[in-house]
Amino acid sequence: MSLHLTTAATLPEGTAADLVLILPAGTAALPAEAPLLPEAAQRYADEQLAADRKLFAVNLYSHRLYVVVAADKKTPALVAEELRKSGHGLHAQLKADKVKTLYVLDLTAQRQGARALAEGLYLTAYQFEGYKTDEKSKKPADLEQLVLVGLDEAEAAQLENLLQGVTLARDLVNMPQNKLTATDFAEQMAAAGQRAGFTTEVFDMAHIESLRMGGLLAVNQGSPEPPTFTIMEWKPEGARNERPYVLVGKGVVFDTGGLSLKPTPGSMDLMKCDMAGAAAMTGVMFALAKNQVPLHVVALVPATDNRPGGNAFAPGDVITMHSGLTVEVLNTDAEGRLILADALSFARKYQPQLVIDAATLTGSAARAIGKEGIVAMGTADESVMQALAEAGRRTHERIVEFPLWDEYAEHIKSDIADINNLGKAEAGAISAGKFLERFAEGYPWIHLDIAGPAFLAAPDSYRGKNGTGTAVRLLYDFLTTQLK
Ligand code: BES
Ligand code: MN
Ligand code: ZN
């Protein structure tokens, strides 16, 4: 059960509703628009503000007033991020106070605070349902509803749909591979389509073979489970774009490394997260369709696990990809680029306006910038990359662009095939991007390596721990901004 967002024109008169006030940075005393408080409470609140407290509660006995003061930051985006974090802090207090319904009254200048605070509260309230059989552990969440005072009803509904998209992505990432095989994943995407209104088509093994998707088939060889290739499509009447946006997500439901087995303990343990790119694209499609966004968008998800079973592909194998290029497989743990490559060359048939892929592709990207950001590369115009970077700042799912300089092509040269899949010890995130570039031909393209932020072993504010749903808010913001 997740949090429900609603709106009200004004605060309810004369009742004892729990309320959070969002005040502008530097507020030294409760402003006149704040609800009238008993004298002692007013004095207490003013003292807290004068002492520069950013988050505090005023106990009014019949109900509670929480006060959040916005931070003094250089940009509106940074102020919003601090408010998301305040939402995280506030959530703990609401939980302790067993608040079920909370009114949100935003008194900041641009009235941009409520949205960010609601995001922080909503994302913090996320809980993976999991598989516990003990009924007591299934206690319902305390906080059930946020009432955003003065907000447009449609805006609140849109925000809730977007956050449900994030929730969906997180749930999918948190499901282990024995509960989410490639076939299960395809079914989950189809079910999401049913709920949200986008269409899905799932290619099975025979269809994937007939398309000669040599990358996806090679990675799947060592698995007892068949691969799937899922197409999600949202094509509303009156779509503003003539050519579709195509999203591509890496859907490795578990990555053992294959015969180039990952050296456990450690590196294999979290690899149920290796479909986080595909989960993010599912979340984006969910939000776009639910919100009836007038854009034509297609999402492609090649899915399989990567295992060392009897028929597994082996280091040294040369495979022929869907595009016709040959690849010398020097390491079976560099599997993500092989399945993405087939989806990228398949994408060409849509004559896309832009293709964006997201993938937990390289440890190299994670080591370079950590969980704090997304590594981006691509061939799209600088203005497009800039628009994405701005969306990144607004959503705080920030991107850092890495280069695709010609010289890096050296890293993936092969003696006996067109390219190799391994690269060199240095610049691993880039050689992976360089590899994908060979297949992303005929359209502008952006690659997002989300290996750092996709899955967190320790909680990080409102992002929580485990699956974060990273890139859902980023891509939704980016795509909807294209409308303006
Ligand atoms: N799924 C991994 C990358 C990964 C690492 C994701 C850490 C999330 C967290 C990917 O398939 C992989 O194994 N990449 C190798 C590539 C190498 C063999 C060229 C890597 O980064 O070590
Ligand atoms: Mn791998
Ligand atoms: Zn992988």
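1. The manganese ion (ligand 2) and the zinc ion (ligand 3) lie 3.1 Å apart, with Asp 255 coordinating both; donors here are N, O and S atoms within 2.8 Å of the metal (3.2 Å for Na, K and Ca), and since water is not among the atoms, sites may look incomplete. Asp 255 belongs to strand 10 (residues 251–255) and Glu 335 to the loop between strand 13 (326–328) and helix 9 (336–347), so the pair ties together parts that are 80 residues apart in sequence. Helices (H or I, at least four residues) and strands (E, at least two) are DSSP runs, numbered from the N terminus.

2. This is a predicted model, in which local features need pLDDT of at least 70 and side-chain atom pairs count only at pLDDT 80 or more, while totals for chains, interfaces and linings use all residues. Residues are numbered from 1 along each chain as its sequence is written, and side-chain values use heavy atoms, leaving out hydrogens and water.

3. Which residues coordinate the manganese ion (ligand 2)? They are Asp 255 (OD), Asp 333 (O and OD) and Glu 335 (OE), at 2.1 to 2.2 Å. Both Asp 255 and Glu 335 are buried, that is, under 20% relative accessible area with a 1.4 Å probe, protein chains only.

How values were computed
Chains lettered and ligands numbered in written order. Buried < 20%, exposed > 50% of the residue type's maximum accessible area, 1.4 Å probe, protein only.
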